[in-house]
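This report goes through one protein model, a topic at a time. Please keep the sequence and the structure in view while reading.

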Amino acid sequence: MTYGKTTWLIGDGYWDSHSNGLFNSHESVCVLNTSDKDATITMTLYFEDRDEMGGFVAKCGAKRTHHIRMDKLISQEGKAVPQDVPYAILVESDVPVVVQYSRLMSSQPELGLMSTIAYPVE
């Protein structure tokens, strides 16, 4: 059985440039694909004070998960996700998937971890 939606929204993205030295602060868009078909995931970032950034593409194999690290993701135009800038993410897939968002903040000795399910669009 296939679960999920093809369009998801994440309202609170932020990749902190500060880290404690042991672990790098980072975010992940976590994808679960329960279908029999590989998923192509495209992401568009939206900002408060600049134009959106598109062209971020990842794959999630059939019946697999993929934790897409935003600190390692490069757009098709060769651009990285900006640090220290709040943004939102539109996640689109060519097959239904489930999307979760996680952030590891390591800017202080006590690590902070935040995780939430993305908003599924009908």
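Thr-44 lies in strand 3; strands here are DSSP runs of E with at least two residues, and helices are runs of H or I with at least four residues, numbered from the N terminus. Thr-44 has a relative accessible area of 16% and is therefore buried. Buried means under 20% relative accessible area, exposed means over 50%, and partly exposed is in between, using a 1.4 Å probe and protein chains only.

Thr-44 is in contact with Glu-52, Met-53, Gly-54, Ala-88, Ile-89 and Leu-90, leaving aside its neighbours within four places in sequence. Contact means heavy atoms within 4.5 Å.

## Basis of the model

This is a predicted model, in which local features need pLDDT of at least 70 and side-chain atom pairs count only at pLDDT 80 or more, while totals for chains, interfaces and linings use all residues. Residues are numbered from 1 along each chain as its sequence is written, and side-chain values use heavy atoms, with hydrogens and water left out.

## Strands 3 and 4

Strand 3 and strand 4 run antiparallel and are joined by six bridges. Two strands pair if DSSP finds at least two bridges between them.

## The largest nonpolar core

Which residues touch the most other members of the largest nonpolar core? They are Val-29 and Met-43, in a core of 27 residues. A nonpolar core is a set of buried Ala, Val, Leu, Ile, Met, Phe, Trp, Tyr and Cys residues joined through side-chain atoms within 4.5 Å. At least two residues of this core come from each of strand 1 (5–13), strand 2 (26–33), strand 3 (39–47), strand 4 (53–60) and strand 6 (87–105). Strand 6 supplies the largest share, seven residues.

## Arg-103

Arg-103 is found in strand 6. Its relative accessible area is 11%, so Arg-103 is buried. Arg-103 forms a salt bridge with Glu-27, with the closest N and O atoms 3.9 Å apart. A salt bridge is a side-chain nitrogen of Lys or Arg within 4 Å of a carboxyl oxygen of Asp or Glu. The pair links distant parts of the chain, since Arg-103 is in strand 6 and Glu-27 in strand 2, 76 residues apart. Glu-27 is buried as well.

The side chain of Arg-103 also reaches the backbone oxygen of Asp-12 at 2.8 Å, and it makes a polar contact with the side chain of Tyr-101 at 3.1 Å. A polar contact is a pair of N or O atoms within 3.5 Å; within protein, one must be able to donate a hydrogen and the other to accept it, and residues adjacent in sequence count only if both atoms are side-chain atoms. Not counting residues up to four places away in sequence, Arg-103 touches residues including Gly-13, Tyr-14, His-26, Gly-112, Leu-113 and Met-114.

## Other salt bridges

How many salt bridges does a search of the whole structure find? The search finds six. One of them joins Lys-37 and Asp-94, with the closest N and O atoms 4.0 Å apart. Lys-37 lies in the loop between strand 2 and strand 3 and Asp-94 in strand 6, so this pair ties together parts 57 residues apart in sequence. Lys-37 counts as partly exposed at 46% relative accessibility, and Asp-94 counts as partly exposed at 42%.

Asp-71 and Arg-69 form a salt bridge with their closest N and O atoms 2.8 Å apart. Asp-71 is partly exposed at 22% relative accessibility, and Arg-69 is partly exposed at 26%. Salt bridges that share partners join Asp-12, Glu-27 and Arg-103 into one network.

## Cysteines

A search of the whole structure finds zero disulfides, a disulfide being a pair of cysteine sulfur atoms within 2.5 Å. Cys-30 is buried at 10% relative accessible area, and Cys-60 is buried at 1%.
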